[in-house]
Amino acid sequence: MAKTSLRDRISNEINAGSMADIAFLLLIFFLVTTTIEEDEGILVRLPPWSEEEPETQKLRERNVFSVLVNASNQLLVRGEVTNVASLKQRAKEFIRNPQAREDLAESPGKAIVSLKNDRGTSYETYISVYNELQAAYNELRNEEAMRRFGKQYENLSSDQRQVVRNTIPMILSEAEPTAFGEEN
Amino acid sequence: MSKFNKKRGKSSPAISTASLPDIIFMLLFFFMVVTVLRDTELKVQVNTPFATELTKLEKKSLVNFLYIGKPNPEFQDLYGSKPRLQLGDKFSSVADIPLFLEKHKVKVPEAQRDAITSSLKVDGKVTMGIVQDVKTELRKSGQQKVNYSAKRKESF
């Protein structure tokens, strides 16, 4: 008789104290492994819409960095066939013009990047081209920030950023695309 | 008979309920993990391109999303396989953009309306034609802050 009661008592008392720890372990595991998807992208400001034809400005050719992307995703930069990989370097050289060459921009403030594509250009190519141009400006601004303030551009105060932005403004003009190679 | 009764009476009937909260927690976690936080169902295929110069979208309430891509296979009978624009949870045409923007705008406090950003989630394979039409319509509606959604590419 005594033996039976002992067995009953043992089987009825399972220690549940560690359950909470197991649950916490699971919670922590999922907290650590979960990545909340973040939305990122290239931020641009579109020009305001006006009904009238924009007045054509006469620009000196040396100040214009024209980038044409055609419907078969080929690049023509200032009349030369180029690839996306060398675009950033060329843009930087054009804007900065370290050797004060006659055929490159007079000053970073006067440099204008003109981007034109076909309606048949793939979005992927457009974004990679835009990304390279943005990268060129970002790197130039970073270099300017390092030179003036000894800090990365993103660590500057808003006044200091304004100074850098005034020195190297990003002037990117996008022309209406030509209706070519539209997918149907 | 008497022996049988006696044995049943001796064992204590109480089952420990200490682990019940944990079971409930486990269920909670299960549903937390399985739930996908997405307010709009995608009806077009969007695979955004890669880029490096990215800006994070800070406030979700100030962002409206425009999706452009090929309709999903189940919608291709009805809408064809040409890239389409999706606003909210339905297929739309470019002409629906002003109303869509306005509907989002009224939900935003007036002081913050300048900070509204349109996030363009466009498939990399789409051609620029439809993107250009959307951009033109955004400009006409006075929506100038635009974010071209892209995935981060590690630069070396």
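Student: What share of the 184 residues in chain A is made up of buried residues?

Tutor: In this predicted model, buried residues make up 32% of chain A, where buried means under 20% relative accessible area.

Student: What makes up the fold of chain A, in helices and strands?

Tutor: Chain A has five helices and six strands, and, read from the N terminus, these elements follow the order α-α-β-β-β-β-α-β-α-α-β. If one takes the contacts in chain A between residues at least 6 apart in sequence, 64% of them join residues at least 24 apart.

Student: How much area do chain B and chain A bury between them, and why is an interface described by an area?

Tutor: The size of an interface is often given as the accessible area lost when the parts come together. For chain B and chain A this comes to about 4600 Å², with 58% of it on carbon and sulfur atoms. On the side of chain B, Glu53(B), Arg139(B) and Tyr148(B) supply 16% of the area buried against chain A, which is more than any other three residues supply. The contact involves 53 residues from chain B and 44 residues from chain A.

Student: What makes the meeting of Arg152(B) and Glu40(A) a salt bridge?

Tutor: The side chains of Arg152(B) and Glu40(A) come to 3.0 Å, N to O, and because the rule asks for a side-chain nitrogen of Lys or Arg within 4 Å of a carboxyl oxygen of Asp or Glu, the pair qualifies as a salt bridge. Across the interface of chain B and chain A, the rule finds six salt bridges, and there are also 24 residue pairs in polar contact, with both residues at pLDDT 80 or more.

Student: Which element gives the largest share of the side of chain B that touches chain A?

Tutor: That element is α5(B), which contributes eleven residues. By residue class, the side of chain B that touches chain A divides into 21 nonpolar, 15 polar and 17 charged residues.

Technical notes: Residues are numbered from 1 along each chain as its sequence is written. Chains are lettered from A and ligands numbered from 1 in the order in which they are written. This is a predicted model: local features need pLDDT of at least 70, side-chain atom pairs count only at pLDDT 80 or more; totals for chains, interfaces and linings use all residues. Side-chain values use heavy atoms; hydrogens and water are left out. Helices (H or I, at least four residues) and strands (E, at least two) are DSSP runs, numbered from the N terminus. Buried means under 20% relative accessible area, exposed over 50%, partly exposed in between (1.4 Å probe, protein chains only). Contact means heavy atoms within 4.5 Å. Buried area is the accessible area (1.4 Å probe) that two parts lose on being put together, summed over both. A polar contact is a pair of N or O atoms within 3.5 Å; within protein, one must be able to donate a hydrogen and the other to accept it, and residues adjacent in sequence count only if both atoms are side-chain atoms. Ala, Val, Leu, Ile, Met, Phe, Trp, Tyr, Cys and Pro count as nonpolar, Asp, Glu, Lys and Arg as charged, and the others, Gly among them, as polar.
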